[in-house]
Structures are given as C-alpha cells and as structure tokens.
Amino acid sequence: MRKRTAHAIALAAILSLPALAPAADYVIDTAKAHASIQFRIQHLGYSWLYGRFNQFEGTFSYDEKNPATNKVEVSIDTASVDTNYAERDKHLRSDDFMDVEKFPQARFVSAKFEDKGDGKAVLTGNLTLHGITKPVVIAIERIGQGDDPWGGYRTGFFGTTTLKLADFGITRDLGPAAQEVEFMLSVEGIRQ
Amino acid sequence: MGIQMLKNTLAEYGWIAIALHWLVAVAAVGLFVLGLWMTGLEYYDAWYERGPDLHKGIGVLLFIAVTFRLVWRWSNPVPRPEPTHTAWEHRLAGIAHALLYILLFATMLAGYLISTADGRPIEVFDLFAVPATLSGLDNQEDIAGEIHELLAYMLIGLTILHTLAALKHHFIDRDRTLTRMLGCSDQSTQP
C-alpha cells in the first residue's frame, strides 16, 4: 500500500515536471476565425478563382529552440468548401471533384520541419484528400508571436503550397491552366 | 363535331386546356432530358453554361404555365368522365392527376432552391429575374439538389404510367380518353 502511494507520488511528480525541451502546444484559433484555408485556381487561364474551406480544426507544437520537434495536424471538413457560388460549391462537393459524401475529411499531418532561419521554414507532411495520401511541401513564414491582450499567448504563420489535382485523383478537366491549386494557409495558434 | 371552343364544356376539353396539357408535357419531359444531359457535360462544352441557363429559364416559364393551367382548370367545367370508365378508374386518374401537379410544383420549387441557395436570382432569358427568397440554409443547394433529382424521377415515372393509361384507353378500350385531349375526338362516332 505504502509502496503504491510512493509510486503514485513519483509518477505525479514526473508528470508535473516541465518536459526537457518544452515544445509549446497550440490550438489553431478556428473558434474565432483567426485562421483560414484559402485556395485559388486559374479560370481558363484568364483569371484567379478564390475559394476557402470554412470548417477545419488543428493543433501544432512550436519551439523556436528545437525546431525538429515542431509539428502540425489539421483536419478539414471538405463539405465546407466555399467559392461564393452555391451551384459551383455543390459541384465541387459532388463525385466530379471531392466526393465529400465518401471523403468528408481531408487531413494534413506534418512529418518534417526544416528551419530556414529568420522565421522561415519548410514543412513537409502528408495530405489526405479525396481518399488519397500524398506528401506536400509547405513554405512557411512566421508572422509574429507574443502575448495577446486577453491573457493568452499566440503564434501565427502564413504558408503556401501547390497541389496538382490529378495527384489526388481529381481528374475532371478544367483546362490546361487549371491543373493545379494554390493554397494560402493562415494559421494563428493559442498556446495551451 | 371537332373541338372549336376555347373553354371546356362538360363533354369536351377546349383548346386552351388541350394546348396547356401538351405544352406542360413537352416542357416537363424536355426539362428532364435536358437536366440529365447537361449535368454530364464537360467543362469546355459549348452547352456547359447554356444548358443550365436554358433549364432554369424554361423551368420558371413552366411554373407560370402550370399555375395558369390550374387557374384555367378551376375556372372551367371539367369534362365528365367517359361513360365506359369505372368509378375506381376515375378515382385513380384523379389521384394521378393531382400527384402530377404536386410533383411538377415540388420539382420546380426544389430546383429554384438550388439556384437561389446563395441569394442569387434566377435569370430568365434576359427577360426578367426571379429573386431568391429562402436562401443560406445549411447545405441548401445539396439537399435541394437531391430532392429535385428524386422528384424529377418520380414525376417522369408517373408521367409514363399516365401515358400508358392513355394508350391503354385508346388501343385496348378504344374510348375517347386520348382523342379528347388531342382535340380530334368526334363524339358521334363513339359508342
């Protein structure tokens, strides 16, 4: 009995100790929409069409001093695609494109974080979209970090990446200029 | 005697009712075929935009035509059923006709709710625009789209039954059911 109590105290002590390399955990502030997943694709090669995913959630760990431990996980509700035109969004949700009934979620899980200095980094990870998982590379720039006025601590990034639709099995032909989609990721995390 | 009057009598359909019947029939079947065809078009097809524009424009005009048809029906005598028809045939036909009207309106309403889901109006051939009313519901365009498709299939299914019944009356029973609606029935030659 005494032994078990001693174990429990030791365990509690270990758990309450700060980790050796305290990578801070953040929750992406989707609740108050200080984060967005926007994309753009060429229309016929004549203009940019912009859209976004309205619903997603995610977390990241970020430690400037130990960037190798940095990681990100984001899941996106594919049905929340919004290009400001209901009929197009309906089409994008259909099996001509993302087939959201079958694949309601897209997911990004980071694998590697390469610090390029000066707040810049390259994040590599796996994106699962339309049921297909492929590696993607995201160029990242830290926009800023610090205390917020309400007692919290925030860090924010901007990232860009480009996907080839066909890589994810989305083969509907939108023309030669519209084979790729550019993503613009704006992410602000609140430290937990 | 041929049909010369515009309004219905207790014996015959008038020309207006006959014209409206066939107009609605052609438009509804045409919209069904157009709808099936246009949703399968490639992005670069010349009809990719024109098809849906036509579908919506005709749909709105059909709504007006069916509404007018109902007003006309209620402001005209309804020709008496053929004497050879049994009571249950008459009742069944009545139910089928009511269902055809309900399905027509419901299908058009669901279609309207797709195109106006984000508050955009429906343009009718540069003639006028029908404004959105109910918009912005969660997944409105998806739900309305599925209902629109389902109702369209039901409407076409019932139309086929309606057509088969008319053909059965014409070729098997040899009564005036179909010729009455074609405006070429001659009462005196019928038993």
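How many salt bridges are there between chain B and chain A? The count is three. The views below come from a predicted model.

**View 1. Chain B as a whole.** Chain B holds five helices and two strands. From the N terminus on, its elements follow the order α-α-α-β-β-α-α. The C-alpha trace spans about 55 × 30 × 30 Å along its principal axes. Chain B has 191 residues, and 39% of them count as buried. Its accessible surface is about 11,300 Å². Carbon and sulfur atoms account for 70% of that surface. Take the contacts in chain B between residues at least 6 apart in sequence: 67% of these join residues at least 24 apart.

**View 2. Where chain B meets chain A.** Here 15 residues of chain B are in contact with 16 residues of chain A. The two chains bury about 1,300 Å² between them. Of this area, 44% lies on carbon and sulfur atoms. On the chain B side, Tyr43(B), Tyr44(B) and Glu141(B) lose the most area to chain A. Together they make up 41% of what that side buries.

**View 3. A salt bridge between the chains.** Glu141(B) pairs with Arg93(A) in a salt bridge. Their closest N and O atoms are 2.6 Å apart.

**View 4. The side of chain B that touches chain A.** Nine residue pairs are in polar contact between chain B and chain A. On chain B, α2 (47-74), α3 (87-115) and α4 (140-171) each supply at least two residues of the touching side. The largest share, four residues, comes from α4(B). By type, the residues of this side are six nonpolar, two polar and seven charged.

Terms used. Residues numbered from 1 in each chain as written. Chains lettered and ligands numbered in written order. Predicted model: local features only at pLDDT ≥ 70, side-chain atom pairs only at ≥ 80, totals over all residues. Heavy atoms only, no water. Contact = heavy atoms within 4.5 Å. Buried area = accessible area lost by both parts, 1.4 Å probe. Salt bridge = Lys/Arg side-chain N within 4 Å of Asp/Glu carboxyl O. Polar contact = N/O pair within 3.5 Å; in protein donor to acceptor, adjacent residues only side chain to side chain. Nonpolar A, V, L, I, M, F, W, Y, C, P; charged D, E, K, R; others polar. Buried < 20%, exposed > 50% of the residue type's maximum accessible area, 1.4 Å probe, protein only. Areas by Shrake-Rupley, 256 points an atom, 1.4 Å probe, with all protein chains shown as cover.
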